[in-house]
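Okay, thanks for coming, everyone.

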Amino acid sequence: MRLAIADPPYPPQYSERYDTAAGGTRITMRSRAQRWYGTDRRSGNGKPADVHPAANEWDSPRRHRDLLEQLLDQYDGWAIATTPDGLDHYRPLPIPCRTLAWVKTTGGIPGGHRIRSSWEPVIAYPPRGRRGRAEHGRQVRDVLIAAPGVRNFIGSKPAAWTRWVLDALGYDPETDTVDDLFPGSGAVSAEIARGVLL
Ligand SMILES: C[S@@+](CC[C@H](N)C(=O)[O-])C[C@H]1O[C@@H](n2cnc3c(N)ncnc32)[C@H](O)[C@@H]1O
């Protein structure tokens, strides 16, 4: 089977602001892609990240939906990491998809809202033939509680996250290939290379 894990820059964040001068509300959009990975990068939390010259393409909500459609065309199974507010840009999800939740034991995206986000969704599309509870391994919980990655890199994933996502896809190291489409720190690829299931 051909599998892929996609951990792209997160979609932009929208906020509603009360505009006293104009006497109404306005919607603002804040980049995450260009701001965290673009050429004029200003990193969050002082953490380093790499720079990609085309990072700003991920500030377009449409680009995220296009990614999902590319994965459906090119892979038997795949997973996309995103943010709770980012889920909207991928919808409507194909019927076999499940939305998983990685709950972080510490940290999270600070943001300016009263409610601090401390979980991240993963959209998982297991391959056909691996979606039933008795097909190819055991059932997998849709929640992972794990600490953020130890690599000091914005958006890096802990080893437990990669193993959980591979398990959700029914990954078989004997027969499958997995493409890590947004390697960043290399944490996901390193765990795939270990070829170990939970
Ligand atoms: C969320 S991070 C990936 C983190 C990675 N999974 C890890 O564990 O370290 C997103 C990555 O996408 C890269 N990126 C940004 N714009 C891109 C583009 N247009 N094409 C491909 N990669 C891009 C960023 O530089 C960054 O490395």
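Before anything else, a word on what I mean by buried: a residue counts as buried if 20 or more other C-beta atoms lie within 10 Å of its own, with C-beta atoms placed from the backbone. Keep in mind too that this is a predicted model.

So, with that cut-off, let's take strand E6. Five of the seven residues of E6 are buried, so this strand is largely enclosed by the rest of the structure.

What does E6 pair with? On one side there's E5: the two run antiparallel and are joined by six bridges. If you want a landmark there, Thr99 has Ile123 of E6 as its bridge partner. Then there's E4, residues 77–81, which pairs with E6, residues 119–125, also in the antiparallel sense, over four bridges. The landmark for that pairing is Ala79, whose bridge partner in E6 is Ala124.

Okay, zooming out to the sheet. We've got six strands in an open sheet, in the order E7-E5-E6-E4-E1-E8, and the pairing is mixed. Which strands sit at the edges? That would be E7, 143–146, and E8, 177–180, each of which pairs on one side only. On average, neighbouring strands in this sheet are turned by 20 degrees against each other, ignoring direction.

Now look at helix H3, residues 159–168. H3 packs on the sheet and touches E1, E4, E5, E6 and E7, and its direction makes about 165 degrees with that of E7. The buried residues of H3 are Trp161, Thr162, Trp164, Val165, Leu166 and Ala168. The cover over them includes helix H4 as well as E1, E4, E5, E6 and E7. And just past the end of H3, you'll find Gly170 with a positive phi of about 70 degrees.

As a general point, nonpolar side chains in soluble globular proteins tend to be buried together. Here the largest nonpolar core has 31 residues, and the ones with the most contacts inside it are Trp78, Ala79, Ile80, Val122, Ala124 and Val165. At least two residues each come from E1, H2, E4, E5, E6, H3 and H4, and H3 gives the most, with five. Take Ala124 again: leaving out neighbours within four places in sequence, Ala124 contacts Ala79, Cys97, Arg98, Leu100, Val165, Ala168 and Leu169.

Buried or exposed? Pro12 is buried, because 21 other C-beta atoms lie within 10 Å. Not counting residues up to four places away in sequence, Pro12 touches Met29, Arg30, Ser31, Arg32 and Asp59. And from Pro12 to His89 you go 77 residues in sequence, yet the two are 9.9 Å apart in space, C-alpha to C-alpha.

Last stop, the ligand. There are 19 residues around it, and those that come nearest are His52, Gly155, Ser156, Gly184 and Ser185. By type, the shell divides into 10 nonpolar, five polar and four charged residues. That's my tour, so over to you for questions.

Definitions and conventions:
Residues are numbered from 1 along each chain as its sequence is written. This is a predicted model: local features need pLDDT of at least 70, side-chain atom pairs count only at pLDDT 80 or more; totals for chains, interfaces and linings use all residues. A residue is near a molecule or strand if its C-beta atom, placed from the backbone, lies within 6 Å of it. Ala, Val, Leu, Ile, Met, Phe, Trp, Tyr, Cys and Pro count as nonpolar, Asp, Glu, Lys and Arg as charged, and the others, Gly among them, as polar. Two strands pair if DSSP finds at least two bridges between them. Axes are lines fitted to C-alpha atoms, for helices over the stretch in contact, and angles run from 0 to 180 degrees between N-to-C directions. Two residues are in contact if their C-beta atoms, placed from the backbone, lie within 7 Å. A nonpolar core is a set of buried Ala, Val, Leu, Ile, Met, Phe, Trp, Tyr and Cys residues joined through C-beta atoms within 7 Å. A residue is buried if 20 or more other C-beta atoms lie within 10 Å of its own, exposed if 12 or fewer, and partly exposed in between; C-beta atoms are placed from the backbone.
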